[in-house]
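Let's take a walk through this protein, starting with the overall picture and ending at a single residue. Keep the model open as you read.

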Amino acid sequence: MTISIDFSDKTVVVIGGTSGINRAIAEAFARHGASVAVASRRQEKVDDTVQSLKNLGAKHALGAAFDVRDASAVASALADFQAALGDFDNLISGAAGNFPAFGADMSINAYKSVIDIDLMGTIHVMKGAYPHLKRPGASIINISAPQAYLPYETQSHVCAAKAGVDQITRTLAMEWGAEGVRVNSVVPGMIEDTEGFRRLTAGPDIIERVIAATPLGRTGKTQDVADACLFLCSDLAGFISGQVMVVDGGVYLRGSGQLGQDLAGMLKSA
Ligand code: COA
Ligand code: NAP
């Protein structure tokens with residue numbers, strides 16, 4: 001079977017799209033000819049990504065530097081993207097922060113930093129993008145995490161934030177569905193060669209143990225997550241909304257397993 005994917009008349013905005021998984025998502029849309037806008041805090045990462053998007057075949061590529069914790073900066077940059085590219089067919093919201101830390105050891109500001117980036121940042125992006133969504137037809141994807149539905153030691157801040165992200169997905173899918181706007185979450189599993197993976201690497205043999213625990217017998221690649229986003233933003237997914245799509249080779253079926261205990265052990269022995 002051949003499935004052809006063509007985003008050449010589509011506008012895609014990827015917030016937090018300048019490294020790792022989200023950059024791979026932006027680049028996948030660029031390869032399929034979309035007009036792509038990316039944003040994150042660091043201008044040099046934005047510039048490097050925009051150049052890559054152009055090289056890969058994006059019809060138009062542009063970027064902006066802002067912090068998702070600043071609601072007015074988010075709204076202003078999204079309005080600029082709309083002015084340059086038109087209404088958004090697809091919006092990916094994936095900026096996030098994470099570090100392993102015990103709840104008892106985290107300051108209030110440590111909790112607040114992660115919740116402000118992951119959860120409030122998602123709200124700022126959804127609110128800022130709302131006036132600029134293509135109606136009908138827009139597809140929004142919030143990049144979530146297994147912490148949304150599985151508790152892990154050292155991850156209480158991320159667990160709280162990402163659970164909120166998935167509930168925003170479900171609730172706004174109901175509220176915005178009548179306007180022809182779909183809202184879904186995508187949950188990456190353990191994705192190799194990413195900042196998130198590096199920060200949660202508990203012990204030298206972690207990759208082997210992740211592979212052993214994963215029914216499909218390998219770690220994830222950024223392209224696996226990008227492929228899921230291409231599908232969810234395509235016409236093939238036109239009746240899918242309010243869903244949390246887990247892209248992890250089936251490892252969630254085993255629950256949080258050993259990883260939380262490994263992370264706790266790593267911090268205790270540090
Ligand atoms: N353990 C405990 N607390 C920590 C911590 C750690 N490893 N790292 C940061 N904190 C605390 C800081 O001490 C600070 O609290 P304080 O003001 O009470 O001291 C608070 O978190 C904010 O830290 P700061 O470095 O000022 O935040 P920032 O806004 O510059 O950066 C982070 C946000 C901390 C989330 C940073 O790791 C980041 O920018 N991450 C983005 C990349 C990333 O995490 N990628 C993986 C995505 S899954
Ligand atoms: P990453 O490379 O650190 O990507 C995070 C992106 O968000 C970067 O572009 C970063 O760029 C930007 N960003 C961070 N804080 C920001 C802020 N305050 N304002 C604006 N932009 C900000 O991490 P990743 O590992 O690929 O993770 C990407 C997404 O996948 C996240 O949502 C994460 O929760 C999710 N996830 C990852 C894994 C994994 O295995 N890696 C597993 C599950 C879920 P700047 O530094 O320039 O701001």
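Start with what's tucked away: 50% of the 270 residues in the protein count as buried. Bear in mind that you're looking at a predicted model.

What about the surface? The protein exposes about 12100 Å², and 55% of that comes from carbon and sulfur atoms. As for charge, there are 23 positive and 28 negative side chains, with the centres of the two sets 0 Å apart.

You'll find nine helices and seven strands in the secondary structure. Along the principal axes, the C-alpha atoms fill a box of roughly 50 × 45 × 35 Å. The radius of gyration is 18 Å, which agrees with the value near 18 Å that a compact globule of 270 residues would have.

Let's zoom in on Ile15, which sits in strand β1, residues 11-15. Is Ile15 buried or exposed? Its relative accessible area is 1%, and because the cut-off for buried is under 20%, Ile15 counts as buried.

So who are the neighbours? Leaving out residues up to four places away in sequence, Ile15 touches Asn22, Ala39, Phe66, Val68 and Leu78, as well as the run Leu91, Ile92, Ser93, Gly94 and Ala95, plus Val125. Further along the chain there's Ile143, 128 residues from Ile15 in sequence, and the C-alpha atoms of Ile15 and Ile143 are separated by 10.0 Å.

Note on methods
Residues numbered from 1 in each chain as written. Chains lettered and ligands numbered in written order. Predicted model: local features only at pLDDT ≥ 70, side-chain atom pairs only at ≥ 80, totals over all residues. Heavy atoms only, no water. Helix = DSSP H or I, 4+ residues; strand = E, 2+ residues; numbered from the N terminus. Rg over C-alpha atoms; globule rule 2.2 N^0.38 Å. Buried < 20%, exposed > 50% of the residue type's maximum accessible area, 1.4 Å probe, protein only. Areas by Shrake-Rupley, 256 points an atom, 1.4 Å probe, with all protein chains shown as cover. Lys, Arg positive; Asp, Glu negative; His and termini not counted. Charge placed at Lys NZ, Arg CZ, Asp CG, Glu CD. Contact = heavy atoms within 4.5 Å.
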